[in-house]
Amino acid sequence: YIDAVISHVDVDLIKKAKLTAVVDCANGAAYRTTPMMMKKLGVRAITLNADAQGEFPGHPSEPTEDNLADLIALTGSVKADVGIAHDGDADRAVFVARKGKKGYYMPGDKSLAIVAKTIVRDLGGGQVVTPVSSSSMVEEVVKDAGGSLIYTAVGSPVVARRMMKEGAVFGGEENGGLIFADHQYCRDGAMSIAKILEGIAKYGSLYNQVEELPVYHVDKRKIECPNNRKESLIEYMKETFSEGNEVDTTDGLKIIFDDGGWVLLRPSGTEPIFRIYSESKDESLSKQRAAQFEKVADDFMNGL
């Protein structure tokens, strides 16, 4: 498996870079494979929670910023080139860049954008697939690199099937789940790590790569909504906000404004809640729209 992963990257280039990584395997599926891959790539690996007999998963397995305090701190203190965290089953990976002596937790949309940019740039083009919930940052960097973006409903199987249909070179979601067409059509955390390491070896500091990304601000909210009212709320929102705006109903309702900002209204498929995502290059506008749509949704639910 690891030999298959590293066959898709420039091993000699990564070895020459003499990189150091802090790796948190969550005492899960990657406890042996990722340290093995690091050795084969010539990367000095400092491991956390890489014990098959350790308490699973060593911390809550969702690789959020709050759950990765040790990884973030250690990445900065040992001056590592990158910090890496798997979830329990290791099909996802999230990353920590180093800013001076501090670790910088990278939201998943940033690693998605960086890998998409690298792959499209190296191939000289290609299609990338991602859900409608992904930041417009991904589309911007893909187009600038000479590629194009296809939006789907949320869910990695949906992304993978569309990649296969369209012959896309890459796809993924903003939760750290990335899919590589030249490897296999499912999320693969080890492959994500290998491509990030190759990108550092080729293009330099991971934090500098983050700094080069366009800046978008996202405000995420949710309200309680019984399952039997989700469809009527979507229809109400569509009637209220569609006039004069572009509307995308790929998954829920996405209202796209003339300034490039958008609001996504999406009912949860597993909980009695309704999610509201607002994005804009203007942080105050993103928050303002999120609050506006939240109030309208609340008023509808309360019969106002």
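Let me begin with how the elements are named: helices (H or I, at least four residues) and strands (E, at least two) are DSSP runs, numbered from the N terminus. What you see is a predicted model, in which local features need pLDDT of at least 70 and side-chain atom pairs count only at pLDDT 80 or more, while totals for chains, interfaces and linings use all residues. Residues are numbered from 1 along each chain as its sequence is written, and side-chain values use heavy atoms, with hydrogens and water left out.

A pocket here is an open set of points on a 1 Å grid over the protein atoms alone, where a 1.4 Å probe fits, with protein on both sides within 12 Å along at least five of seven lines, and a lining residue has an atom within 4 Å of a point. Which elements each supply at least two residues of the lining of the largest pocket? They are α5 (108-123), β11 (217-224), β15 (273-280) and α11 (283-301), and β11 provides the largest share, four residues. In total 29 residues line this largest pocket, and P107, G108, D109, E174 and K220 lie nearest its centre.

The second largest pocket holds about 280 Å³ of space, where a volume is the space filled by probe spheres set on the points, which are joined across faces, edges and corners. It is lined by 13 residues, and those closest to its centre are E174, K220, R266, R275 and Y277. Here β11 and β15 each supply at least two lining residues, with β11 giving the most, three residues.

Turning to the sheet, two strands pair if DSSP finds at least two bridges between them. An open sheet of five strands runs in the order β2-β1-β3-β4-β5, with mixed pairing, and its edge strands, β2 (44-48) and β5 (102-106), each pair on one side only. Within this sheet, β1 (20-24) and β3 (82-86) run parallel and are joined by four bridges, and V23 stands opposite I84 in β3.
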